[in-house]
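The points may be read in order, with the model in view.

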Amino acid sequence: MSQSQNPPEPCVIIEDDRTSTSPQALRRAFLDQVQFSRARSLRRATPHDRYLAWALLTRDRVVQRWIATHDAYRAQDAKFVAYLSAEFLMGRLLRTNLVNLELLEEARRIAHDLGVDLDRLFEEEPDAGLGNGGLGRLAACFLDSMATLGLPAFGYGIRYEFGIFRQAIRNGYQVEHPDEWLRFGNPWEFERPEHALPVRFYGRVERHLDNRGHLQVRWVDTQNVLGVPYDTPILGYGRSNVNTLRLWSARSTEEFDLDVFNAGDYEKAVYDKTRSETISKVLYPNDSVQVGRELRLKQQYFFVACSIGDIVRRFRRHHDNFDLFPQKVAIQLNDTHPSVAIPELMRVLVDEHHLPWERAWGITQATCAYTNHTLMSEALERWSVELFERLLPRHLEIIYEINSRFLRTVQIRFPGDTDRLRRMSLIEETHGRNVRMANLAVVGTHSVNGVSELHTQLLRSNVLRDFAEMYPERFNSKTNGVTPRRWLLECNPDLSALLDEKIGKGWVTDLDRLAAFRPFADDPEVHGRMAEIKASHKRALARYLAETSDLHLNPNSIFDTQVKRIHEYKRQLLNILSVAGLYLRHRRSGLDIPPVTFLFGGKSAPGYVNAKLIIRLIHGVAEVINEIPGSSPIAVHFIPDYRVSLAERIIPATEISEQISTAGFEASGTGNMKFALNGAITLGTLDGANIEIRDSVGPDAFFLFGLTAQEVHEMKSNYRPLDHLRNNPELAEVLEMVRGGFFSPEDKTLFREFVDNLLARDPYMVIADYPAYQQERLRALTTYRDQTRWQHMAIRNVAGGGPFSSDRTIRQYAEEIWGIRPVDVATPVYNPES
């Protein structure tokens with residue numbers, strides 16, 4: 001009997017204290033949760049108790065919609081997308097879910113009446129830091145948009161026990177501490193042990209003929225772990241659709257060896273449990289050592305194997321064979337981390353379900369799609385053949401077979417071109433033998449997309465040129481976007497209210513409507529309100545940082561901000577050298593600029609020595625400039641432990657957005673979009689999505705400087721940093737101060753080798769771009785004095801934000817790559833007459 005013929009399941013359709021959104025029911029539900037879920041009276045409840053009470057009552061209202069969503073998807077056997085990502089940087093969920101339920105203001109009133117400050121309770125929730133930066137935050141925005149658009153979708157990743165580390169600063173140096181985000185539990189997730197799946201590692205491959213004479217392959221003598229799923233509901237805004245983020249946690253197949261324990265070897269008795277659970281312990285273990293590299297590959301295969309197993313299981317509920325698999329399932333690989341999904345799906349289809357190779361390969365390619373997120377060749381993952389052979393022997397055999405068939409196709413298409421064969425091979429032979437995961441991802445999918453127009457152009461012309469020449473139809477661009485719910489409606493309610501008043505509320509789900517705000521760019525009344533909204537956020541950020549980080553900001557100064565992962569190509573170094581140059585100018589002859597506070601924030605990878613030195617340099621410059629408060633128009637502060645919840649405070653308070661990566665190195669960026677959407681003016685290069693932002697807001701509402709990607713490419717072969725430095729005495733003096741220990745008096749040689757390497761190579765053109773950057777930065781600072789012009793530019797940036805909604809991006813994925821359609825969900829509604 002088909003799903004649609006099954007009798008309806010009994011369900012609760014009365015509106016009660018678990019489903020009602022009336023003020024009276026919400027008040028009763030809060031008190032009920034405090035008493036019966038936390039075993040407290042309201043008077044004795046801790047802030048954490050009160051947070052959990054609000055989280056649980058909010059979750060109840062989401063769960064009803066969640067169940068209805070899954071029922072609707074199953075009833076229609078709807079095609080769904082499985083979004084595979086090693087990172088999901090979700091941030092906090094209580095306020096987001098209240099916003100998406102359209103209950104935030106009602107909840108604030110109820111909490112206030114009960115003597116509870118709801119905004120303070122939001123601070124009780126830890127950031128779910130299951131990501132390192134833009135990749136994970138993009139995945140979180142995409143989940144929000146999929147649910148808001150009503151698209152059937154599942155996010156798949158790892159439930160890391162410890163997320164991205166907590167960053168502390170000690171004597172100017174980054175210090176990493178474990179991020180125990182699960183220490184007090186997670187009220188949003190549901191453990192599903194009944195859906196646990198086995199995952200195999202190591203072992204060997206054996207072959208035999210079955211009773212029909214067909215060759216069969218078995219992967220045997222493996223070490224096994226269990227993948228236990230934890231589900232988090234992802235609620236769409238203003239509709240009933242609730243999708244699922246399923247994160248996998250590693251468990252041992254044998255929790256405890258009682259015989260070994262009784263023999264007295266207590267540590268060995270739990271060894272298997274400890275070894276297995278290490279897989280999902282930490283986000284991105286250090287891969288500078290062999291054991292770290294092995295653990296990273298284990299992590300990637302672990303969540304991919306669990307996810308493919310789960311996807312196949314979902315499909316098989318409705319289908320006896322795999323004929324319709326690509327018509328019912330789309331698998332999106334978010335960067336190369338999940339690209340082992342290609343040989344894993346082949347293994348499942350060929351070895352477990354006995355499909356012929358050609359048919360399995362056709363299904364795999366038609367189902368899978370790949371998003372590339374980098375232009376840096378060193379960031380395109382490679383795994384040693386030796387490691388692959390030891391950890392995943394069957395998968396290496398499958399990769400060899402894919403490669404053999406693929407290279408024969410290349411050979412036929414480009415006869416005699418041995419260099420092309422070498423470049424396109426899935427196996428690198430030049431620097432040891434390695435599996436090229438990006439090549440595998442391109443060959444095994446039907447779609448390869450970049451994340452901005454420039455990024456896609458450079459993929460086609462440079463990074464993946466050979467593949468683009470062979471498969472031009474596979475390559476396409478999907479410029480990244482951000483969810484306007486979190487990054488405007490939620491984090492900037494005053495600006496949201498102004499937009500509601502001037503252009504209506506439809507922009508929340510149709511960001512193109514922001515274009516209607518552009519005519520207000522010359523409205524003096526709107527100018528005044530924009531200025532006050534920005535000033536209010538600056539005051540709030542200053543208060544917060546004074547309370548939490550002992551940083552003292554002048555809210556009457558310009559806030560010039562660069563917050564993002566610390567990496568040399570993002571050029572925090574260029575920024576801080578420029579600040580030091582401004583300091584020199586002021587000390588010598590005075591500086592005619594308004595007061596300005598330069599804000600930095602971001603984390604360096606623990607093993608990235610140069611990035612950590614840049615953090616130390618920022619603190620060294622800050623110590624010098626901030627030594628006598630008020631003696632200079634400039635101040636410098638590094639905000640520690642940058643994370644999603646801090647971004648929600650910093651971005652609305654920022655006036656100048658630093659997007660200064662070397663042209664041709666940033667794939668897209670999404671921070672640039674968030675800042676512009678909140679009325680900050682970009683000071684940036686023609687890199688990533690900066691180009692499209694500038695096109696949208698207008699060249700006169702963007703401070704542009706620097707070499708283009710083409711100029712960088714042409715200059716590389718004969719670039720001599722010292723030749724450029726001779727024409728820039730200010731930078732030469734700054735670098736000599738850095739090299740000589742002026743900004744590191746406790747260790748005069750700290751930056752010597754760092755500066756020498758910069759002068760010798762300067763791979764990210766810091767020295768070449770410094771004069772143009774300093775000139776444009778000063779132009780931005782002096783422009784700020786003309787507040788009429790500045791507010792005109794700020795409004796143009798808000799009004800130009802329409803193209804940068806993740807809703808637009810996801811619609812393009814759904815229509816052009818996945819082939820999925822929205823499914824309407826009807827939630828049971830209370831009927832007093834029934």
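1. A residue is called buried here when its relative accessible area is under 20%. The model is predicted. In α25, the buried residues are Val644, Ser645, Leu646, Ala647, Glu648, Ile650, Ile651, Pro652 and Ala653. Helix α25, residues 644-653, is thus mostly covered, with nine of its 10 residues buried.

2. The charged end of arginine 649 sits over the ring of tyrosine 544, at 3.9 Å from the centre of that ring. A further arginine, arginine 314, lies over the face of phenylalanine 154, 3.9 Å from the ring centre.

3. Aromatic pairs number 20 in the model. The pair of phenylalanine 142 and tyrosine 813 is edge-to-face, because the ring centres are 5.7 Å apart and the planes stand at 65°, an angle over 60 degrees. Since phenylalanine 142 belongs to helix α6 (residues 134-148) and tyrosine 813 to helix α34 (residues 806-818), the pair ties together parts that are 671 residues apart in sequence. Both phenylalanine 142 and tyrosine 813 are buried.

4. Helix α22 supplies the largest share, eight residues.

5. Which classes of residue make up the lining of the second largest pocket? The lining has 20 charged, 14 nonpolar and six polar residues.

How values were computed. Residues numbered from 1 in each chain as written. Predicted model: local features only at pLDDT ≥ 70, side-chain atom pairs only at ≥ 80, totals over all residues. Heavy atoms only, no water. Phe/Tyr/Trp six-rings, centres within 6.5 Å; stacked < 30°, edge-to-face > 60°. Helix = DSSP H or I, 4+ residues; strand = E, 2+ residues; numbered from the N terminus. Buried < 20%, exposed > 50% of the residue type's maximum accessible area, 1.4 Å probe, protein only. Lys NZ or Arg CZ within 6 Å of the ring centre and 35° of its normal. Nonpolar A, V, L, I, M, F, W, Y, C, P; charged D, E, K, R; others polar.
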